[in-house]
Amino acid sequence: MRPAFPELPPAAVALALRIWGHLHGLVSLEIYGHLHTQTKRPDKLFQQELAQLVRNLGVPHR
């Protein structure tokens with residue numbers, strides 16, 4: 001990220017890495033079938049995690 005956007009402050013880089021890590025983790029768990037062992041509705045869990053991430057960022061959503 002730093003080479004593409006060298007002007008970003010460290011806090012923005014940290015936030016971007018946090019978002020990427022969270023989403024990458026969820027997608028990886030889904031791809032390898034680990035979410036299905038934890039819940040009957042992985043789609044609902046994924047949606048709730050995305051909604052929580054958006055709330056944590058302070059972005060209004062429906």
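Start with the salt bridges (a side-chain nitrogen of Lys or Arg within 4 Å of a carboxyl oxygen of Asp or Glu): a search of the whole structure finds 1. This is a predicted model, in which local features need pLDDT of at least 70 and side-chain atom pairs count only at pLDDT 80 or more, while totals for chains, interfaces and linings use all residues. Residues are numbered from 1 along each chain as its sequence is written, and side-chain values use heavy atoms, with hydrogens and water left out.

Select Asp43 and Arg41. These two form the salt bridge, and their closest N and O atoms are 3.0 Å apart. Side chains of opposite charge can pair when their charged atoms come close. Asp43 is partly exposed, with a relative accessible area of 46%; Arg41 also counts as partly exposed, at 46% relative accessibility. On this scale buried means under 20% relative accessible area, exposed over 50%, and partly exposed in between, using a 1.4 Å probe and protein chains only.

Next, colour by secondary structure. The protein has 2 helices and 0 strands; these are DSSP runs numbered from the N terminus, helices being H or I of at least four residues and strands E of at least two. Select residues 10-31 for α1 and residues 42-57 for α2: the two pack at an angle of about 175°, with axes 11 Å apart. That makes α1 roughly antiparallel to α2, a label for angles over 145 degrees. The axes are lines fitted to C-alpha atoms over the stretch in contact, and angles run from 0 to 180 degrees between N-to-C directions.

From α1, the residues include Leu15, Ile19, Leu23 and Glu30; from α2, they include Phe46, Leu50, Leu53 and Leu57. The residues of this contact divide into 10 nonpolar, 2 polar and 3 charged.

Move to Leu45 in helix α2. Leu45 is partly exposed, with a relative accessible area of 25%. Leaving aside neighbours within four places in sequence, Leu45 is in contact with Leu35 and Thr39.

Select His36, in the loop between α1 and α2. Not counting residues up to four places away in sequence, His36 touches Glu30 and Pro42. Its C-alpha is separated by 27 Å from that of Ala16, 20 residues apart along the chain.

Finally, zoom out. The C-alpha trace spans about 45 × 30 × 15 Å along its principal axes. Of the 62 residues, 10% count as buried.

Definitions and conventions:
Parallel < 35°, antiparallel > 145°, perpendicular 65-115°, else oblique. Contact = heavy atoms within 4.5 Å. Nonpolar A, V, L, I, M, F, W, Y, C, P; charged D, E, K, R; others polar.
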